[in-house]
Amino acid sequence: MTRSVILGTGMAVPDRIVTNDELAAVMDTTDEWITQRTGIRQRHWVREGETGVDLAERASRRAIAASGLADGDIDAIVLATSTPDHFAPGNGVLLQHRLGLGPIPALDVRAQCSGFIYALATADAYIRGGLFRHVLVVGQEVQSTGLDASTAGRATAVIFADGAGAVVLGPSAGEDRGILGFDLHSDGAFADKLWVDAPGSMYHPRISPVLMAQGRHWLHMDGKEVFRHAVVRMPESVRAVLTGVGESLEGVTLLVPHQANLRISEMVQKTLGLRDDQVYNNIMSYGNTTAATIPIALDECARAGRLKAGDLVVGTAFGSGFMWGSVALRW
Ligand code: UT7
């Protein structure tokens, strides 16, 4: 059976770093609160005029270069974002145009924090089904422009951030490695626990001074509820994906959890009984970049030589939707 393998990785974040102290200057929070409750020490936010497609382009060019493929070898784009530059069309086509890849298909996936896992599953199915050979898979987010950076929005504003990560996925050349399987779920009963209500087509007009005065255009989160579900669902999903592919927790070289909150990652690690060297966290430097956290982490690990051929890598995510899931792969 053809498996799809990660041929190259890339990432990009805005060069503007926002420290906890900078946030404390504009809202009632402290570096101590943010560090203790979330693990975050700094995050990257776009400057005026810098867009999600800018970040996606930089990450994608690095991933394509790392893959050793030519631009013309990319057959399709699957881009996960919950924060597209525009209501429509999605950022996938804007990226296709920006990269100058020709009229290849480009699809947006809207699965928020779990977006990269869902995008990878889509691309993997395309490749295994023989529809495309090489698929550029991107997780990209600009959250900062949708955050209420005042005391009223402090529970979300200190967490979410901007960034992009990308991988090039292609068929294995017969070697025993690549994506082994997925575990994917959703439960829309919790949609309003972490959401952006407007603009939305149920409102006419989709955005208005009234909606904005009500703060419906900001990202809203019931942090405690999300936290409570995340620390159960992520371990459950990791166990499920491993069982599905006939592997065990002992064999996991590296778990890359969605970087939502360091306390969540630590609880997931504890629940699964994993050692420190089996779990990768970088939320301290980047905050929660939603669909971008896992591909950014994969790129950091790949470039740092942390992953060797044959290593068992598991990615897991939980977030808005609720949507959650995991991937298991042999590097
Ligand atoms: O990307 C995937 C989805 N996202 C997540 O998985 C995030 C899940 N949730 C969380 O990470 C945590 O719930 C938060 C970090 C958002 C909040 O941490 P918490 O320990 O659950 O705090 P809390 O919401 O219970 O708030 C505790 C207190 C409250 O004050 P009172 O009511 O006890 O007086 C908040 O108003 O902390 C206050 N608070 C803050 N204080 C200083 C909330 N945000 C802040 C802040 N600075 N930034």
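This report describes charged and aromatic side-chain contacts in one structure.

The model is predicted, so local features need pLDDT of at least 70 and side-chain atom pairs count only at pLDDT 80 or more, while totals for chains, interfaces and linings use all residues. Residues are numbered from 1 along each chain as its sequence is written, and side-chain values use heavy atoms, with hydrogens and water left out.

The structure holds 14 salt bridges, a salt bridge being a side-chain nitrogen of Lys or Arg within 4 Å of a carboxyl oxygen of Asp or Glu. The table gives some of them.

| Salt bridge | Closest N and O atoms |
|---|---|
| D28 and R154 | 3.7 Å |
| E57 and R61 | 3.0 Å |

E57 and R61 both lie in helix α3 (residues 52–67), four residues apart, where helices are DSSP runs (H or I, at least four residues) numbered from the N terminus. E57 counts as buried at 17% relative accessibility, whereas R61 is partly exposed at 37%; buried means under 20% relative accessible area, exposed over 50% and partly exposed in between (1.4 Å probe, protein chains only). D54, E57, R61 and R98 are linked in a network of salt bridges.

Turning to the aromatic residues, rings of Phe, Tyr and Trp (its six-membered ring) pair if their centres lie within 6.5 Å, and planes under 30 degrees apart count as stacked, over 60 as edge-to-face and the rest as tilted. By this rule there are four aromatic pairs. The ring centres of F318 and W324 are 5.8 Å apart with planes at 35 degrees, so this pair is tilted, and both residues are buried. F190, F318, F322 and W324 form one aromatic cluster.

Terms used:
Helix = DSSP H or I, 4+ residues; strand = E, 2+ residues; numbered from the N terminus.
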